[in-house]
Amino acid sequence: MRRRIISLTVLAALVATVLFALPLGVAVMKYYQDDAVSDLERAADAAALAVSDELAAGRAPTVPPRGDDDEAEGAVGVYAPDGRLLAGHGPASGGPLEQRAASATVDVVTGHESGDLVLTVPVVSGARVTGVVRAALPVSELRLRVGLTWLGMAGLAVVAIGASWLMARRFTTRLVRPLEELATAAGQLGDGDFTVRGPRAGIAEIDRVGEALDATAARIGSTLERERAFSAEASHQLRTPLTGLRLQLEAALETPGADPHAAIRAGIASADRLERTIEDLLALGRERRAPRAELDLDALLEEVRQAGEALLAPHGRALRITRQDPPPARVAVAAVRQVLGVLLDNAATHGRGTVTLLARDAGDALAIDVADEGPDLGETDPFATAAAGHGIGLRLARSLAEAEGGRLRLSRPDPPTFTLLLPAAEPPTALSP
């Protein structure tokens, strides 16, 4: 690309130079020719004035010498009307140009003779032609002047094309280098380096490409990070129903005389909860948002009761659910279900004794408290990710609650009590009659 841009720039400069130089070269040649004719005419007129009296008196003419500061050019000779050279420089006998001037039909005659540019003028005394003045300039000298000028023009053209080449190299480097850097950055992005950022070249079009690359890298990196985090959180979240199912099966094995149908029904119920958990996680994982609707608190608490008993009963622990006039809420039931599942799993894993769930009115919010009889948490931050990964679920639960416009916090360290606050649904506006 670099070589192509330089070649096209130089070719454009060359074409422009040729198109400009051709008419200029012709104009230069025409100028020098006209200037030479003008010089010869001045020299011939000056000589004609100087010898007119002598020719009229029948004396031999004398061509006056030219001074050093005289700009008139060419060799000057004076001829008799019959063509004899009387004075000055020129052929011994006049040619057709001198004969035409001697005929007095024209004032000035120009043409080429013997490799010279020749101009002749008649010398008139009254109605009689007394002589002819001939001024001549070698054509080779005229061609030398034109050639030197053309050579100078060619030199300037070479300089102009060379300058175009240098400028093309400079601007091509400025243009191509950021593109090469963008290509390198895109390659690094393709290799998985999402921290790469495109260069800034001060060229609006290239900078827009760099900004688009930066936005793409940031978006891909954020998406990948979110997916990695969600994968870790989801795997942790699936352990709760799997643990409940395992405990139920182990309990059924330890009591061989018990009704196997009850264990099978409990296992199927746990499998249903596991399937529902997977569906919730997939729905929440798309954008961490699910459709919001009026929360069916009774159905939700019943699901929580079944999941909690399956999780706590094998350890001889109980779950108590209480309601204190909870207000309606409009949220994504999948998000609330997963938050409460995390809190139950946390109480079953790290707590002791009876687990209490209280749904109550907290002013403009629906509050759901989950408490157990475990040890005092003190200054411990339960939402921090511990080395063993115990805080992953609580961190996921907090993010889900915040996505629904609510909050999840540790409202009391002793006994450990977590409170989920969800904004209460606005009451329907009564239509005026």
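Guide: Leu300 has a relative accessibility of 1%, and because buried means under 20%, Leu300 counts as buried. The model in which this value was computed is a predicted one. Leu300 belongs to helix α6, a helix that runs over residues 297-312.

Which residues does Leu300 touch, once its neighbours within four places in sequence are left aside? The contacts of Leu300 are then with Leu295, Val333, Val336, Arg337 and Leu340. Leu340 deserves attention here: 40 residues of sequence separate Leu300 from Leu340, and in space the two are 9.6 Å apart, from C-alpha to C-alpha.

From the single residue one may turn to the pair of helices. Two packed helices are described by the angle between their axes and by the distance between those axes. For helix α6 and helix α7, the latter covering residues 333-350, the axes come within 10 Å and cross at roughly 25 degrees. Since angles under 35 degrees count as roughly parallel, α6 is roughly parallel to α7. The crossing in which α6 passes α7 is right-handed.

On the side of α6, the contact is formed by Leu300, Glu303, Val304, Gly308, Leu311 and Leu312. On the side of α7, the residues are Val333, Val336, Arg337, Leu340, Leu344, Asp345 and Ala348.

Thr130 is found in strand β5, which spans residues 128-138. Thr130 counts as buried because its relative accessibility is 7%. Not counting residues up to four places away in sequence, Thr130 touches Leu55, Ala56, Pro81, Val123, Val124 and Ser125.

Finally, the whole chain gives these details their setting. The protein chain has eight helices and twelve strands. Of its 433 residues, 38% count as buried, and Leu300 is buried, as is Thr130. Among contacts between residues at least 6 apart in sequence, 63% join residues at least 24 apart. The accessible surface of the protein chain comes to about 24500 Å², and 57% of that surface belongs to carbon and sulfur atoms.

Methods:
Residues numbered from 1 in each chain as written. Predicted model: local features only at pLDDT ≥ 70, side-chain atom pairs only at ≥ 80, totals over all residues. Heavy atoms only, no water. Axes fitted to C-alpha atoms, helices over the stretch in contact; angles between N-to-C directions. Helix = DSSP H or I, 4+ residues; strand = E, 2+ residues; numbered from the N terminus. Parallel < 35°, antiparallel > 145°, perpendicular 65-115°, else oblique. Left-handed = near helix turned anticlockwise from the far one by under 90°. Contact = heavy atoms within 4.5 Å. Buried < 20%, exposed > 50% of the residue type's maximum accessible area, 1.4 Å probe, protein only. Areas by Shrake-Rupley, 256 points an atom, 1.4 Å probe, with all protein chains shown as cover.
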